[in-house]
Amino acid sequence: MFGNIVDKYLCVCFVIDLQNVDITLRILYRPLADRLPDIFTNLGIDYAERVLPSIVNEVLKAVVVSTPC
């Protein structure tokens with residue numbers, strides 16, 4: 001059985017007053033075991049390194065922008 005995987009990602013976001021905000025996010029994820037053959041076929045074995053950074057950056061930027069000061 002597959003366990004949880006932990007990764008850390010650093011994101012540099014800009015807030016409304018053009019200041020930089022450095023955020024380190026630690027995510028915990030676990031791929032669905034029955035979907036791994038499809039994931040590996042379509043995205044490759046290094047799917048997490050290829051897909052997660054862009055998702056994390058976009059979500060963090062959206063959260064930082066929508067958070068009131």
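In what order do the elements of the chain run from the N terminus on? They run β-β-α-α, with two helices and two strands in the chain; helices (H or I, at least four residues) and strands (E, at least two) are DSSP runs, numbered from the N terminus. Welcome to a predicted model, where local features need pLDDT of at least 70, side-chain atom pairs count only at pLDDT 80 or more, and totals for chains, interfaces and linings use all residues. Residues are numbered from 1 along each chain as its sequence is written, and side-chain values use heavy atoms, with hydrogens and water left out.

**The two helices**
- Helix α1 (residues 36–43) and helix α2 (residues 47–66) have axes that come within 10 Å and cross at roughly 80 degrees; the axes are lines fitted to C-alpha atoms over the stretch in contact, with angles from 0 to 180 degrees between N-to-C directions.
- That makes α1 roughly perpendicular to α2, a term for angles of 65 to 115 degrees.
- On the α1 side, Leu36, Ile39, Phe40 and Leu43 meet Tyr47, Arg50 and Val51 of α2, where contact means heavy atoms within 4.5 Å.

**The aromatic pair**
- A search of the whole structure finds one aromatic pair, meaning rings of Phe, Tyr or Trp (its six-membered ring) with centres within 6.5 Å.
- Tyr47 counts as buried because its relative accessibility is 14%, whereas Phe40 is partly exposed at 35%; buried means under 20%, exposed over 50%, and partly exposed in between, with a 1.4 Å probe and protein chains only.

Definitions and conventions. Parallel < 35°, antiparallel > 145°, perpendicular 65-115°, else oblique. Phe/Tyr/Trp six-rings, centres within 6.5 Å; stacked < 30°, edge-to-face > 60°.
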